[in-house]
Amino acid sequence: MSSAAQLVKPVTLELGGKSPILVFDDVDLDKAAEWTAFGCFWTNGQICSATSRLLVHESIADAFLDRLGKWCKNIKISDPLEEGCRLGPVVSKGQYEKILKFISTAKSEGATVLCGGSRPEHLKRGYFVQPTIISNVTPSMQIWREEVFGPVLSVKTFSSEEEAIELANDTHYGLGAAVISKDLDRCERVTKALVAGIVWVNCSQPCFCQAPWGGTKRSGFGRELGEWGLENYLNIKQVTQYKSDDPWGWYKSPSKL
């Protein structure tokens with residue numbers, strides 16, 4: 001932004017995210033678990049819109065996390081060129097070490113690693129990190145507030161719709177969010193209340209080139225994709241044409257003096 005300001009150049013910024021996924025107590029556990037896993041672990045969590053903060057209703061939390069853990073342990077981690085691979089290595093050694101540091105810090109702050117948290121035992125080479133689920137998280141913890149950019153999902157429970165919305169919006173970011181519930185009226189209410197540029201209902205991460213993409217708060221401003229994305233490259237010009245044969249008449253005409 002500061003560089004663009006020197007020449008007064010407009011910019012569109014799509015920045016980081018710490019997106020929430022809200023799972024209510026009326027869901028099908030398997031369907032919700034698959035979308036929760038996909039929302040965080042697709043592309044190994046290396047996507048700004050990853051729904052890496054799971055908010056799950058307290059009444060189903062134990063059962064849901066048990067089911068989610070089974071889905072995660074069933075994810076094939078391998079060389080991306082291998083048939084059936086669903087999670088490959090992260091992009092670099094630096095990122096690999098950064099992710100493991102996030103996990104280590106979470107444990108030192110009192111969180112619990114429910115699943116994953118380290119290198120897969122069958123892969124001795126490459127920067128692989130298991131799909132990781134971290135519970136007993138508080139809103140002040142680093143793992144809850146900062147973008148990991150890796151396959152790490154942090155978990156917190158809620159007791160009411162209002163609390164879920166408050167926890168979801170309690171972030172500097174505002175790129176994406178997801179809500180999972182069979183109650184479509186609830187989904188509509190929550191969608192309107194979530195402060196995010198993108199909201200998925202009963203899914204997470206599907207994106208289309210026809211739909212606008214961008215965030216709010218520290219996730220940036222402006223939109224890419226669709227007709228909204230084209231507007232960033234256009235300038236509106238006002239053209240005014242005077243069509244009356246009558247004079248404007250604001251000043252006294254010299255011919256009438």
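Colleague: Hi! Is Leu225 buried, partly exposed or exposed?

Modeller: Leu225 is partly exposed, with a relative accessible area of 37%. Keep in mind that this is a predicted model.

Colleague: Thanks! Where does Leu225 lie?

Modeller: Leu225 lies in the loop between strand E9 (220-221) and helix H8 (226-231). Its phi is positive, about 70 degrees, although Leu225 is not a glycine.

Colleague: What about Val8, what is its phi?

Modeller: Val8 is not a glycine either, and it has a positive phi of about 55 degrees. You will find Val8 in the loop between helix H1 (2-6) and strand E1 (13-14).

Colleague: And is Val8 buried or exposed?

Modeller: Val8 counts as exposed, because its relative accessibility is 71% and the cut-off for exposed is over 50%.

Colleague: OK, what volume does the largest pocket have?

Modeller: The largest pocket has a volume of about 400 Å³. It is lined by 15 residues, and the closest to its centre are Glu34, Ala37, Phe38, Ile75 and Arg86.

Colleague: Which element gives the most to that lining?

Modeller: H2 does, with 5 residues. By class, the lining of the largest pocket has 8 nonpolar, 4 polar and 3 charged residues.

Colleague: New topic: how many aromatic pairs does the structure hold?

Modeller: The structure holds 6 aromatic pairs. One of them is Trp35 with Phe38, an edge-to-face pair with 5.9 Å centre to centre and 85 degrees between the planes.

Colleague: Where do Trp35 and Phe38 lie?

Modeller: Both lie in helix H2 (residues 29-41), 3 residues apart, which is about one turn of the helix. Trp35 is partly exposed at a relative accessible area of 30%, and Phe38 is partly exposed at 32%.

Colleague: And which residues form one aromatic cluster?

Modeller: Trp35, Phe38 and Trp42 form one aromatic cluster.

Colleague: Let's look at Tyr96 and Tyr127. Why is that pair called tilted?

Modeller: The planes of the Tyr96 and Tyr127 rings are at 40 degrees, and their centres are 5.8 Å apart, so the pair is tilted. Planes under 30 degrees apart would count as stacked, and planes over 60 as edge-to-face.

Colleague: Which parts does the Tyr96 and Tyr127 pair tie together?

Modeller: Tyr96 lies in helix H4 (residues 93-108), while Tyr127 is in the loop between strand E4 (112-115) and strand E5 (132-135), so the pair ties together parts that are 31 residues apart in sequence. Tyr96 counts as buried at 13% relative accessibility, whereas Tyr127 is partly exposed at 33%.

Colleague: What is there to say about Lys107, and where is it found?

Modeller: Lys107 is found in helix H4 too. It is partly exposed, with a relative accessible area of 49%. The C-alpha atoms of Lys107 and Ile134 are separated by 8.7 Å, and these two residues are 27 apart along the chain.

Colleague: Now the inside! Which residues of the largest nonpolar core touch the most other members?

Modeller: Those are Val23, Phe41, Leu54, Val56, Phe64 and Leu68, out of 33 residues in that core. Several elements each supply at least two residues of this core, among them strand E2 (20-23), helix H3 (61-73) and strand E6 (152-158). H2 gives the most, with 6 residues.

Colleague: What does Phe41 touch?

Modeller: Leaving aside residues up to four places away in sequence, Phe41 touches Cys72, Ile75, Leu87, Pro131, Thr132, Pro151, Val152 and Leu153.

Colleague: And which residues does the second, separate core include?

Modeller: That second core has 28 residues, including Leu22, Tyr96, Met141 and Phe158.

Colleague: Last one: is Thr51 buried or exposed?

Modeller: Thr51 counts as buried, because its relative accessibility is 0%. Thr51 lies in the loop between H2 and strand E3 (53-57). Not counting residues up to four places away in sequence, its contacts include Ser19, Cys40, Leu153, Ala177 and Trp200.

Methods: Residues are numbered from 1 along each chain as its sequence is written. This is a predicted model: local features need pLDDT of at least 70, side-chain atom pairs count only at pLDDT 80 or more; totals for chains, interfaces and linings use all residues. Side-chain values use heavy atoms; hydrogens and water are left out. Rings of Phe, Tyr and Trp (its six-membered ring) pair if their centres lie within 6.5 Å; planes under 30 degrees apart count as stacked, over 60 as edge-to-face and the rest as tilted. Helices (H or I, at least four residues) and strands (E, at least two) are DSSP runs, numbered from the N terminus. Buried means under 20% relative accessible area, exposed over 50%, partly exposed in between (1.4 Å probe, protein chains only). Contact means heavy atoms within 4.5 Å. On a 1 Å grid over the protein atoms alone, a cavity is a set of points where a 1.4 Å probe fits but cannot get out, and a pocket is an open set with protein on both sides within 12 Å along at least five of seven lines; lining residues have an atom within 4 Å of a point. Grid points are joined across faces, edges and corners, and a volume is the space filled by probe spheres set on the points. Ala, Val, Leu, Ile, Met, Phe, Trp, Tyr, Cys and Pro count as nonpolar, Asp, Glu, Lys and Arg as charged, and the others, Gly among them, as polar. A nonpolar core is a set of buried Ala, Val, Leu, Ile, Met, Phe, Trp, Tyr and Cys residues joined through side-chain atoms within 4.5 Å.
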